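Dear colleague,

I am passing on the structure below, and after it I set out what was found. Please read the two together.

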There are 2 protein chains.
Amino acid sequence: MSGMREPTFLILTALAAEPRHGYGIITDVTDLSGGRTRLAPGTLYSALDRLAAEGLIEVDREEIFSGRMRRYYRLSEAGAAALRIETEQLRARAAAASARLASRRTGLTRSVLGAMQ
Amino acid sequence: MSGMREPTFLILTALAAEPRHGYGIITDVTDLSGGRTRLAPGTLYSALDRLAAEGLIEVDREEIFSGRMRRYYRLSEAGAAALRIETEQLRARAAAASARLASRRTGLTRSVLGAMQ
DNA sequence: TGGCAATATTCAGTTGATCTATATACCGAT
DNA sequence: ATCGGTATATAGATCAACTGAATATTGCCA
């Protein structure tokens, strides 16, 4: 029940605005993450199967483009809902961590200020 | 090399402000996550070993409290740095997903508006 | 002609989380 | 006095997801 992993999250994000095919997702994720995360093909295609089985994504259409098949996936309504929830949780987690890190700094500041009196 | 998982992130967050012992981390993580995530003991103690081995946390001290040992851990400087970086990435990911989800809504809005003309 | 980008598939290996069980000590309530 | 719950740590078996590498095909460009 606990949070999805980064690649999964990025795959859903890549599909959020419009349908894409596998390779398109790979390149989009690279962009999305500012080049930090690149999706290995093994990760992608097994994740696509899994997410489709869970109903978070659906096959949109299949095309033959210059002799190669392209299978487009789209985010389902359930997928969009899951992504929204997960996004909120990321935000909450980031906020919690920031607050704690800040109070850590405050701790330091206090002892410095204390020493200065 | 890719992002840490949620339990790991929450453990580091729990240690960010002040040292805590294992059980204290479990209860703090429950709070931190608004009760959504609860750390199983197996998850915690293996994560503590791993994080200590990676140098992200350190043993702070050991106490005997009413006959039971308590081992306190603290976040190392490296751990704080890792947590800051990871926090920034969570924020970035959340922002990217929000933007995509919004443009999805825009897409819908556009076609509705289009149909209305 | 040779190599690379685009594209999809599969599989073996690794990692980290989960669940379950075990153990001990104290405390409050029967 | 005893039973159950809370506090606390540890270990092992298992599972889910990610990783990396190998395989295959087509078209384009040097």
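**What was found**

In chain A, 44% of the contacts between residues at least 6 apart in sequence join residues at least 24 apart, a contact being two residues whose C-beta atoms, placed from the backbone, lie within 7 Å. This is a predicted model, in which local features need pLDDT of at least 70 and side-chain atom pairs count only at pLDDT 80 or more, while totals for chains, interfaces and linings use all residues. Residues are numbered from 1 along each chain as its sequence is written, and chains are lettered from A and ligands numbered from 1 in the order in which they are written.

Chain A has four helices and three strands, arranged along the sequence as α-β-α-α-β-β-α; these are DSSP runs numbered from the N terminus, helices being H or I of at least four residues and strands E of at least two.

As for DNA strand C, 27 residues surround it, and the closest are A:Gly22, A:Gly42, B:Arg5, B:Gly42 and B:Gly67, where near means that the C-beta atom, placed from the backbone, lies within 6 Å of the strand. Two or more residues each come from α2 (22–32), α3 (41–54) and β3 (68–75) of chain A, and from α1 (6–16) and α3 (41–54) of chain B. The largest share of this surface, six residues, is given by α3(B).

In chain B, β2 (residues 57–65) runs antiparallel to β3 (residues 68–75), and eight bridges join them, where pairing requires at least two DSSP bridges. B:Ile57 has B:Leu75 as its bridge partner in β3(B).

Best wishes
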